[in-house]
Amino acid sequence: QVQLVESGGGLVQAGGSLRLSCAASGRTFSSYNMGWFRQRPGKERERVVAISWSGITTYYADSVKGRFTISRDNAKNTVYLQMNSLKSEDTAIYYCTAAPGRTNNYVYWGQGTQVTVSS
């Protein structure tokens, strides 16, 4: 069992930056693929970014490429999402998620953190 706790959300002006953090419990964090999903108002939840257990492989949705960066610190059991050049359409609840067994089966979810970008 893994518990995920996100932090770092808030209100920011368009063009600004935020960094989200996700702290994970458990001793097997380094074996989990991690991801950030978001749910925008009136939209389905979508995968935004992901990072492999080793940190070597990353995924970015086209809508955030060049603006968002995912990273992880296995020694701190933490994954980060650096968001730059934020746009109003980035407004969403952002969820941290974990996939055990080095798969992309995201079974553990955080409670979500709200990001609001004002234009």
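These are my notebook entries on one protein model and what I looked up in it.

**Ground rules**

I am working with a predicted model, where local features need pLDDT of at least 70 and side-chain atom pairs count only at pLDDT 80 or more, while totals for chains, interfaces and linings use all residues. Residues are numbered from 1 along each chain as its sequence is written, and side-chain values use heavy atoms, with hydrogens and water left out.

**Overall build**

I started with the secondary structure and found eleven strands and zero helices. For the record, helices (H or I, at least four residues) and strands (E, at least two) are DSSP runs, numbered from the N terminus. Walking along the sequence, I get the pattern β-β-β-β-β-β-β-β-β-β-β.

Next I looked up the dimensions. The C-alpha atoms fill a box of roughly 40 × 25 × 25 Å along the principal axes.

Then I checked contacts, meaning heavy atoms within 4.5 Å. Of the contacts between residues at least 6 apart in sequence, 54% join residues at least 24 apart.

**Surface and core**

Buried residues make up 45% of the 119. Here buried means under 20% relative accessible area, exposed means over 50%, and partly exposed is in between (1.4 Å probe, protein chains only).

I also looked for the largest nonpolar core, and it has 30 residues. Such a core is a set of buried Ala, Val, Leu, Ile, Met, Phe, Trp, Tyr and Cys residues joined through side-chain atoms within 4.5 Å. Met34 and Trp36 have the most contacts inside this one. The elements giving two or more residues to this core are β3, β4 (33–39), β5 (46–51), β7, β8, β9 and β11 (113–118).

**The disulfide**

I found one disulfide in the structure. A disulfide is a covalent bond between the sulfur atoms of two cysteines; the cut-off used here is a pair of cysteine sulfur atoms within 2.5 Å. The partners are Cys22 and Cys96, with their sulfur atoms 2.1 Å apart. Cys22 lies in strand β3 (residues 18–24) and Cys96 in strand β9, so the pair ties together parts that are 74 residues apart in sequence. The torsion about their S-S bond is about -80°, so this disulfide is left-handed. Both cysteines are buried.

**Ile93**

Still in strand β9 (residues 92–99), I picked out Ile93. Is Ile93 buried or partly exposed? Its relative accessible area is 29%, so I put it down as partly exposed. Leaving out residues up to four places away in sequence, Ile93 touches Phe37, Arg38, Gln39, Gly112, Thr113 and Gln114. Ile93 and Phe37 are 56 residues apart in sequence, yet their C-alpha atoms are 8.4 Å apart in space.

**Two positive phi angles**

Asn77 has a phi near 55°, a positive value in a residue other than glycine. I found Asn77 in the loop between β7 (68–73) and β8 (78–83), and at 18% relative accessibility it counts as buried.

Ser85 is not a glycine either, and its phi is positive at about 50°. Ser85 lies in the loop between β8 and β9, and its relative accessible area of 40% makes it partly exposed.
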